[in-house]
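Here's a quick tour of one protein chain. Have a look at the sequence and the structure, then read on.

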Amino acid sequence: MGHAAQFDRGGHGGGTAMSFEVKGWCPGALRPMASGDGLVVRVRLPLGMMTPAQARGLADAAQRYGNGQMEVSNRGNLQLRGVSDDSHRPLLADLAALGVLDADLALESRRNILISPLWQSGDGTVDLAQALQARLMDLPDLPGKFGHVIDIGLHRVLAEAPGDIRVERGLSGGLILRADGADLGQPVSADGAISALIDLAEWFVASGGVAMGRGRMRALVARLGPPPLARELPVAAAPRPAPGQTAQGLLAGFEFGSFAAQTLLALSHLGRPLRMTPWRMLLIGGLSDPLALADVPGLITDPDDPLLAVRACPGAPFCPQALAPTRDLARALAPMVCAGQIVHVSGCAKGCAHPLAADVTLVAGPGGFATGLACAAPDVFGPARSAQAILHEPTLFVQSGAV
Ligand code: SF4
């Protein structure tokens, strides 16, 4: 399938001599990514939702064609792990039958759309997402990681989620289109929002936002300033979501965003639509009774669960780039972190599990974990210590205010 040919070597100038591969594209179902435990197949669910029948089918496919492990990505996609080259093709046939596969790679690559999991019927979110889906081929050629966010509630719930162009609500109450990294957005009408989004994407390309097939809006805005017509502030960001009740249903989380296919199967038996989120959680639509989740294995339903405070990628041996295991250390650190703080343990400087700054970031290198405070993984420099040394010396949490 030519995955390796897509890889190239990225650099990292950190003091811990760490490096990682920068692929410049996101995996999909048609173009999966090789990992330490087989192919990672990322399913971009239409409108970020699964019906109960689709959830059953996806759980079955994860067991039949993969190793039964699944994940919610930080773009709100569903990942199946441990798929082999031989099982990839029959898996695609099942995904097509379930209605969750794009017609071709061009469409899949462009359908990088994250919508608020807390959308309400009639609030315009689905209309905007469908209008954007219908015009994906009108967008200019954009880098593979370039994404669109639709987050038009009265508070922004996707402020920390990755995206390059954001459709949000402005302080005046109307819609705005905001380039990631810009403070202000361009007022737009619901009917004109997608045409304006395409214009903004063309501005990004014409302004030099793409180099060697890569580039992000935030970097361009940092270099050039905001795009023309940006003049309205967005509404405030909502607090970080947690497991529990919402107006749309119950949010339930997973340790590191990972879960077994049996969990998805059990959730499908509830007979509710499931909405994906970029928060390592699923939203079980229309459910209000938490007792209904009592028999579903592997869920985090307590909003104070310490595991919600830690982020960790699969690490070694599951990712070929990982320089150490990550999740055992993150589990051990979780009780040391108080509410509101985030600790990120990364298997390399790429920082896949949490692209943003965390209160404490630990990055594996050849000699152990380097530590950074209030920064993202690629910005972590300095001497390395073993996992054991870190666990026996919690000073860094005191420094960060995490305990
Ligand atoms: S951050 Fe983790 S998952 Fe991402 S490339 Fe590095 S080791 Fe792999």
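Domain bounds here come from an automatic or database domain assignment.

| Domain | Residues |
|---|---|
| domain 1 | 32–104 + 248–293 |
| domain 2 | 118–224 |
| domain 3 | 306–400 |

This is a predicted model: local features need pLDDT of at least 70, side-chain atom pairs count only at pLDDT 80 or more, and totals for chains, interfaces and linings use all residues. Residues are numbered from 1 along each chain as its sequence is written.

The C-alpha centres of domain 1 and domain 3 sit 26 Å apart. Six residues of domain 1 touch eight of domain 3, where contact means C-beta atoms, placed from the backbone, within 7 Å. On the domain 1 side, that's one nonpolar, three polar and two charged residues (Ala, Val, Leu, Ile, Met, Phe, Trp, Tyr, Cys and Pro count as nonpolar, Asp, Glu, Lys and Arg as charged, and the others, Gly among them, as polar).

Now for a sheet. Five strands line up as S18-S19-S20-S21-S22 in an open, mixed sheet (strands are DSSP runs of E, at least two residues, numbered from the N terminus; two of them pair if DSSP finds at least two bridges between them). S18 (310–312) and S22 (384–385) are the edge strands, each with a single partner, so one side of each has no neighbour in the sheet. Further in, S20 (residues 358–365) and S21 (residues 368–375) run antiparallel and are joined by seven bridges. Ala-358, for instance, has Cys-375 in S21 as its bridge partner.

How values were computed: Helix = DSSP H or I, 4+ residues; strand = E, 2+ residues; numbered from the N terminus. Contact = placed C-beta atoms within 7 Å.
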